[in-house]
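Consider how side chains are packed in the structure shown below.

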Amino acid sequence: MKSNNIHTRKGQKMIDVKNKVFHLSTKDSAYIFRVLPSGHLENLHYGEPLVMQDFTGLHMKQNAGAGSSVQYKEQGMFLDLLPLEISPSGKGDYRALPLEVEMPDGSYVFDFVYATHEIIEGTVPMEGLPTAKGEEAKTLKLTLRDVLFPVELILYYTTFYESNVITRRMALYNGTQETLKISKIMSLQLDLLKEEVDVLTLHGGWIKEGKAVRRRLQEGIFKHTSRTGSSSNRSNPGVLFMDKRATEDAGRVYGVNLLYSGNHETTLEVSGHGLLRVLTGIGSAQFLWPLAAGETFETPEAALTTSEQGMNGASQNFHHFVNHHVVPKYWQQRPRPVLMNNWEATFFDFTERKILAMAKEAKSMGMELFVLDDGWFGDRNHDRAGLGDYEVNKKKLPSGLKGLGEKIRAMGLDFGLWFEPEMVNEDSGLYRAHPDYAMKVPRRIPSVGRNQLVLDLNRLEVQDYIINHITAILKDAPISYVKWDMNRHISDVYSSVVAHQGMTLHGYILGLYRVMKVLTERFPKILFESCSSGGNRFDLGMLSYMPQIWTSDNTDPIARLKIQGGLSYFYPPSTMGAHVSESPHQQTLRRTPLETRFHVAAFGLLGYELELSHLNQKEREEVKRQITWYKDHRRWLQFGRFYRFDPVKGQRVNFQILDEEGHQGVLGNFQLLQEPSPTFDVLAFKGLHKEKQYVVETLKATMDIEAFGGLLKHITPVKLKPGGLILRNARKFYRLPHNVERYEAKGDLFMAGLRVHQQFMGTGYHKDTRMLGDFGSQLMVIQVKEEEDGKRTRV
Ligand code: GLA
């Protein structure tokens with residue numbers, strides 16, 4: 001959208017205010033609330049677009065009151081029965097509240113009412129916390145004042161028209177002479193009339209991130225929170241709530257997420273009167289913020305979306321928002337390199353020679369970036385030592401990072417490096433010199449995670465220690481990529497520099513954001529990928545500084561279908577590092593075909609993380625072909641429109657991605673376990689133009705003949721012994737081509753459901769038979785046909 005386009009559909013403004021009614025519009029949604037005579041804000045609507053009009057029909061009618069409800073001073077007004085934008089405390093609203101503040105009179109009672117408002121062009125950045133970016137955005141700033149004390153609550157609403165996202169946050173200003181104590185402050189409150197909703201949240205742990213759980217909420221409270229000090233792999237801050245009939249593609253769905261990387265909490269409460277309240281913000285566990293006279297506390301920004309097109313609609317809104325408004329400007333829509341990472345191949349055991357040999361192979365297969373992972377510094381030969389130190393280990397890397405980087409550059413590859421800057425091992429130079437830098441409570445023995453302690457990022461000197469050491473390395477060696485790791489949950493929360501220990505965890509995140517801001521602004525062209533034992537800190541806060549995240553330490557493609565599929569509810573493929581690794585897989589022992597490992601990774605940011613020298617000649621050719629195809633199409637593989645599908649009989653998973661115009665794309669068809677004598681597979685594509693002509697064709701791929709064992713007799717007239725020498729040798733020189741199917745038809749047919757070839761069912765091999773077996777897969781490539789007048793329909 002152009003920046004001067006302030007009018008939207010039918011002349012509707014992005015933010016319109018009339019008679020104290022606030023009407024916020026995005027492309028497909030409207031958010032409307034009004035100022036009540038009492039000064040409180042009543043939510044009138046959040047959902048389908050509505051034009052500005054007389055909204056009396058949407059006012060809550062409180063003509064009969066309700067039994068035991070407590071009445072506000074205005075005649076006949078019951079706060080507990082109203083959908084409010086922000087609730088007063090102690091005035092009769094007994095639902096979960098967005099704020100808990102000890103006021104100057106020692107009470108927890110406050111009552112914020114409308115004072116002024118202002119409409120601001122663009123976004124309103126914050127000091128210390130990330131905000132979404134976008135010149136074309138508009139912000140509504142509403143100031144509310146407590147009826148007794150000079151304390152102000154400022155609400156911000158920023159509209160991102162094309163993304164269908166409205167961000168919200170608040171700030172609390174203390175104009176009294178006393179210190180206020182904030183024990184809870186959310187970023188948003190949203191009240192809607194809903195008696196029953198389904199809630200979708202992501203759960204999990206190490207190597208099992210992003211498990212989507214959908215549950216029904218009726219009267220009562222559901223709280224989704226993280227207490228590990230970071231956004232965590234146990235409970236991602238993204239939450240969907242929806243009509244109980246909503247599916248992936250249809251029905252009204254709402255979503256919230258936070259631009260924050262620390263403890264978070266989202267509360268959903270359905271009251272006995274059929275009102276749904278949603279609160280989201282900083283987690284209140286171990287949180288207490290003394291707000292001195294004249295100070296303001298700002299909450300992280302929350303992103304809100306809604307769609308009538310089911311969960312895919314809501315996810316696509318979030319994906320658009322992340323790609324256009326969250327990640328750093330330089331990296332928005334910028335293609336990401338295909339990388340090679342040495343970690344799973346070598347762990348700590350490498351030398352410069354080994355790395356260079358690997359890099360050479362990576363280059364020969366078409367990779368573009370070589371990432372040297374953990375183990376390059378100090379005494380880091382295992383995970384018990386070295387964290388905190390930045391001296392290169394000359395035994396492993398005699399020509400240093402500069403020398404190694406230059407050699408890798410000379411091969412025509414970029415060079416990337418791993419850091420874990422927020423941590424320290426007790427066995428390290430840093431800890432010996434500054435044991436006080438580590439977070440621990442005086443006189444208590446701190447708990448460790450992966451043998452390491454957390455540095456106290458509340459302290460400026462600790463922040464500067466990290467900034468200075470990393471700056472020196474990035475200036476010295478030719479580094480174009482950084483993997484920023486953080487491998488433990490925080491415990492023993494204590495800082496020697498805060499006014500109250502309830503500030504420590506939030507202060508840690510503010511310190512981290514300062515460090516990341518300084519470094520990413522200093523080196524804007526270095527690609528930063530964040531990581532936390534995989535996806536333990538997969539959130540919009542990290543993405544505001546670092547455009548991609550190592551999704552999971554689990555690279556088993558079958559496990560990845562769940563992990564990437566789960567995270568896709570909130571995060572686009574352009575944020576998910578996805579690597580092809582070895583089989584059997586190191587975390588699951590599962591054997592999977594090379595092509596499936598690639599097909600899953602192609603729905604993210606492709607990389608390879610395996611011992612390349614273990615690949616035989618034919619596998620190398622296969623990898624080369626994969627990389628060439630990925631590079632040719634990465635514009636939309638990384639930034640296209642992503643669709644999930646309902647799993648078929650629990651045994652088939654499909655993903656699809658389309659370019660912005662809906663002209664090119666790919667559908668991934670992944671089989672979990674093979675069914676005997678399987679039924680017919682029908683692939684119902686999504687999002688195509690009904691009337692346009694398309695070609696859909698299987699991406700050429702080959703299979704390892706060893707997978708067929710003695711069954712090879714179906715294919716070759718020569719009898720080969722399974723596991724025998726000839727077969728073991730033959731697989732080096734021959735791989736079996738997958739069947740290829742090609743169809744040409746209008747989009748409507750492909751969306752109605754393409755009936756593809758039958759699968760193998762024990763009745764003999766034929767070149768047209770689809771041989772998938774357990775964990776087999778195929779990609780169906782979608783390409784619009786040239787139009788009849790000869791013009792190509794896509795750029
Ligand atoms: C974490 C990361 C891995 C790898 C190791 C190195 O587990 O998630 O990718 O970098 O640390 O120690």
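A charge sits over a ring if NZ of Lys or CZ of Arg is within 6 Å of the ring centre and within 35 degrees of the ring normal. By that criterion Arg-644 has its charged end over the ring of Tyr-569, 3.6 Å from the centre. Arg-334 likewise lies over the face of Tyr-330, at 3.7 Å from the ring centre. This is a predicted model, in which local features need pLDDT of at least 70 and side-chain atom pairs pLDDT 80 or more, while totals for chains, interfaces and linings use all residues. Side-chain values use heavy atoms, without hydrogens and water, and residues are numbered from 1 along each chain as its sequence is written.

Rings of Phe, Tyr and Trp (its six-membered ring) pair if their centres lie within 6.5 Å; planes under 30 degrees apart are stacked, over 60 edge-to-face, and the rest tilted. The structure holds 34 aromatic pairs. In one of them, Trp-343 and Phe-348 are edge-to-face, 5.1 Å centre to centre with 85° between the planes.

The C-alpha atoms of Leu-275 and Pro-83 are separated by 6.9 Å, although the two are 192 residues apart along the chain.
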